[in-house]
Amino acid sequence: MKKSYRCWTEIDLDALRGNLAWIRHHVGKDVKVITVVKADAYGHGLKQIAALLMQSGTDVFGVANLAEAAAIRSVGKGWPILMLGACLPEEVEVAIRDQVMATLSSLAEAEAFSKKAVALGTTARVHVKIDTGMGRLGALPFNARALIDTVRNLPGLALVGIYTHYSSVEGKASFSRKQRQLFQSLLEDAQLDLSEIEFLHVNNSGGVLFEPESTYNTVRPGLLVYGLIPKSTRAIPNSIAERLRPALSWKCRIGLVKTVPVGHALSYGGMFVTRRETRVAAITAGYGDGFLRAGSGRARVLVNGKLCPVLGRVTMDQMLIDVTQVKRAVAGDEVVLIGKQGGGEIKAHDLADWCGTIAWEVLTNINYRVPRLYRGEHAA
Ligand SMILES: *Cc1c(COP(=O)(O)O)cnc(C)c1O
């Protein structure tokens with residue numbers, strides 16, 4: 001029997017490669033790119049994506065934790081890696097040994113790294129983060145100068161990066177402007193030779209698109225690498241949308257088609273009752289694969305290129321869709337959850353809207369039960 005799949009993703013590595021090339025072109029050739037590959041490369045599969053990005057010449061990887069850093073190291077040695085999350089106290093030694101650049105927000109962290117690096121007889125390359133308005137990691141503005149000075153003066157530390165993070169870059173331009181100006185003024189106060197700081201960075205994907213003034217010498221995109229443009233109230237040229245290609249498609253199959261009469265309740269809780277005779281297909285994906293249950297009664301899928309609504313509650317391994325309009329639909333047919341089919345397309349953003357969430361969550365929710373199949377010239 002030919003290998004068959006019930007629910008899988010197809011990942012177009014050529015699209016990924018093209019997206020990175022476009023980002024480079026857009027920010028300029030002297031700007032370094034930290035490709036963010038946290039959460040299993042936004043659900044695309046960390047090792048394969050890391051390998052592709054190494055071949056495509058990324059400068060740095062951005063990760064959330066040391067396990068992700070170790071996975072990248074297992075693919076290829078030597079690439080700079082920045083840990084975007086805070087390092088837990090017991091992780092400091094491993095971070096230094098594995099040469100993962102840490103994000104420092106506090107004097108306590110700086111002291112811990114210094115002490116450990118000295119004990120190990122090495123130098124830890126670190127980034128200082130400043131909280132200009134995100135309110136998550138980072139030193140508060142009035143502590144920034146002291147943190148930068150401390151990191152420069154403590155033994156065993158090399159200050160290689162300074163950064164901050166936008167909180168609302170897809171929304172209010174005025175708030176981003178404040179964050180940007182604050183960051184710039186703190187850099188000026190610090191009386192550093194900025195040309196000596198290898199990585200000065202602010203822009204995530206939204207920043208790359210909407211705040212070109214904060215490009216500095218490095219950018220830090222995630223979503224754009226995977227070919228998605230953050231949804232925004234701010235305008236960007238259409239030409240950009242045309243240049244990026246979503247790398248991931250998500251598919252499943254029709255398991256069964258049956259015609260049910262009017263007045264028939266569908267799925268758990270009987271929340272949906274047919275108002276006409278309906279051809280219903282049970283498809284082979286559910287919340288156990290990471291399809292958000294919030295899509296119950298709201299999401300749509302593609303069969304034969306046509307949008308078909310999800311009827312009633314999404315269950316663990318299956319969901320029901322209305323294929324009354326798709327006369328040819330039969331068991332075994334391919335169903336698209338994200339991606340293109342015939343003339344139709346469902347974007348990760350569409351599915352996110354139907355589920356009341358954001359594309360980042362839709363992608364990172366696709367779980368281990370769903371095989372990732374790689375396509376394109378660079379697929380192994
Ligand atoms: C996740 C993350 C990014 C990437 O964000 P996108 O919006 O996907 O581009 C950049 N910087 C930090 C600190 C992050 O946590």
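In the predicted model, the lining of the second largest pocket comprises 12 nonpolar, eight polar and five charged residues. Two or more lining residues are contributed by each of helix 2 (38-43) and helix 9 (205-210).

The largest pocket has a volume of about 660 Å³. Its lining consists of 32 residues, and those nearest the centre are Gly 227, Arg 245, Pro 246, Glu 345 and Lys 347. By class, 16 of the lining residues are nonpolar, six are polar and 10 are charged. At least two residues of this lining come from each of several elements, namely strand 1 (7-12), helix 10 (238-243), strand 10 (248-260), strand 17 (334-341), strand 18 (344-346) and helix 11 (348-354).

Helix 8 was examined separately. Its 17 residues (173-189) should span 24 Å at 1.5 Å a residue, and the end C-alpha atoms, 24 Å apart, agree with this expectation. Within helix 8, Ser 176, Gln 179, Arg 180, Phe 183, Leu 186 and Leu 187 are buried. Viewed down the helix axis, the buried residues fall within an arc of 130° and therefore line one face of helix 8. An α-helix has 3.6 residues a turn, so residues three or four places apart point the same way. The cover over the buried residues of helix 8 includes helix 7 (141-153), strand 7 (157-163) and strand 8 (199-201). Lys 178 and Glu 188, on the other side of helix 8, are exposed. After helix 8 comes Gln 191, which has a positive phi near 50°.

Note on methods:
Residues are numbered from 1 along each chain as its sequence is written. This is a predicted model: local features need pLDDT of at least 70, side-chain atom pairs count only at pLDDT 80 or more; totals for chains, interfaces and linings use all residues. Side-chain values use heavy atoms; hydrogens and water are left out. On a 1 Å grid over the protein atoms alone, a cavity is a set of points where a 1.4 Å probe fits but cannot get out, and a pocket is an open set with protein on both sides within 12 Å along at least five of seven lines; lining residues have an atom within 4 Å of a point. Grid points are joined across faces, edges and corners, and a volume is the space filled by probe spheres set on the points. Helices (H or I, at least four residues) and strands (E, at least two) are DSSP runs, numbered from the N terminus. Ala, Val, Leu, Ile, Met, Phe, Trp, Tyr, Cys and Pro count as nonpolar, Asp, Glu, Lys and Arg as charged, and the others, Gly among them, as polar. The expected span of a helix is 1.5 Å times one less than its number of residues. Buried means under 20% relative accessible area, exposed over 50%, partly exposed in between (1.4 Å probe, protein chains only). The arc is that of the directions from the helix axis to the C-beta atoms. Contact means heavy atoms within 4.5 Å.
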